[in-house]
Amino acid sequence: MVERGRPRGFDRDVALRQAMLTFWEHGYEGTSMTDLTAALGIASASIYACFGSKEQLFREAVELYGTTEGDRTLRCLDESATARDGITAALEVSADRFADPATPPGCMVVLAALAGTTGNADLRDFLADRRALVQRSFRHRLERATQEGDVADGTDIEAVAAFYTTVLHGMAVQSRDGATRAQLQAVISGARSAWDSVVGARSAP
């Protein structure tokens, strides 16, 4: 039996990506069902039938963002020889993504939160956990670096991870406000130069 309200040829994956781009551009609360029906090219009944609700569609869009856009950033951490190079590479890849004219500027997860979700505690916590993933990933890379002698024992790796997460999230906001790739690069250069001050003396590799 054909699902009611669902148009022939409806592609769920394509619709989900369009929803991701729409939420990325306008945030959760800034995106109306009218915006979604226009972006996806399907009726609201089809959206509800396929995704259940606007909130569920948003959650799936965030997951898609994480496995497509966000995953590129985190892969840099494991692929680089040192924690400093890995975190710098993560910032570089993020800046490329933030400034890519093919997608909305900035980071979907950071900017969706800024759009306001105070009326929905579950959604607020969901976004907070996704944002915290970057800091956890930075911390894990720094923990590995202390084991490898790349970062000195006793370094406050939680503080270092928080610092570079703040840089990354700040770049996302600056990008939304119109910062160019070159301007983001200047932030990255400063963050890399600050490494020895933030991390402190390093053990010999």
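A charge sits over a ring if NZ of Lys or CZ of Arg is within 6 Å of the ring centre and within 35 degrees of the ring normal. By that rule, Arg-59 lies over the face of Phe-126, at 4.7 Å from the ring centre. This is a predicted model, in which local features need pLDDT of at least 70 and side-chain atom pairs count only at pLDDT 80 or more, while totals for chains, interfaces and linings use all residues. Residues are numbered from 1 along each chain as its sequence is written, and side-chain values use heavy atoms, with hydrogens and water left out.

**Aromatic rings**

- Six aromatic pairs are found in a search of the whole structure; rings of Phe, Tyr and Trp (its six-membered ring) pair if their centres lie within 6.5 Å, and planes under 30 degrees apart count as stacked, over 60 as edge-to-face and the rest as tilted.
- Phe-23 and Phe-58 make an edge-to-face pair, because their ring centres are 5.0 Å apart and their planes stand at 80 degrees.
- This pair links distant parts of the chain, with Phe-23 in helix α1 (residues 12-26) and Phe-58 in helix α4, 35 residues apart; helices are DSSP runs (H or I, at least four residues) numbered from the N terminus.
- Both Phe-23 and Phe-58 are buried, that is, under 20% relative accessible area (1.4 Å probe, protein chains only).
- Lys-54 lies over the face of Tyr-28, at 4.5 Å from the ring centre.

**Leu-40**

- Leu-40 is found in helix α2 (residues 33-40) and is buried, with a relative accessible area of 12%.
- Not counting residues up to four places away in sequence, Leu-40 touches Ala-15, Gln-18, Ala-19 and Ile-47, where contact means heavy atoms within 4.5 Å.
- Between Leu-40 and Thr-22, 18 residues apart along the chain, the C-alpha atoms are separated by 9.2 Å.

**Largest pocket**

- The largest pocket holds about 310 Å³ of space; on a 1 Å grid over the protein atoms alone, a pocket is an open set of points where a 1.4 Å probe fits, with protein on both sides within 12 Å along at least five of seven lines, and lining residues have an atom within 4 Å of a point.
- Its lining has 21 residues, of which Gly-66, Gly-70, Arg-130, Leu-133 and Val-134 are the closest to the centre.
- Helix α4 gives the most to this lining, with nine residues.
- The lining divides into 10 nonpolar, six polar and five charged residues, with Asp, Glu, Lys and Arg counted as charged, Ala, Val, Leu, Ile, Met, Phe, Trp, Tyr, Cys and Pro as nonpolar, and the others, Gly among them, as polar.

Methods. Helix = DSSP H or I, 4+ residues; strand = E, 2+ residues; numbered from the N terminus. Buried < 20%, exposed > 50% of the residue type's maximum accessible area, 1.4 Å probe, protein only. Points joined across faces, edges and corners; volume = space filled by probe spheres on them.
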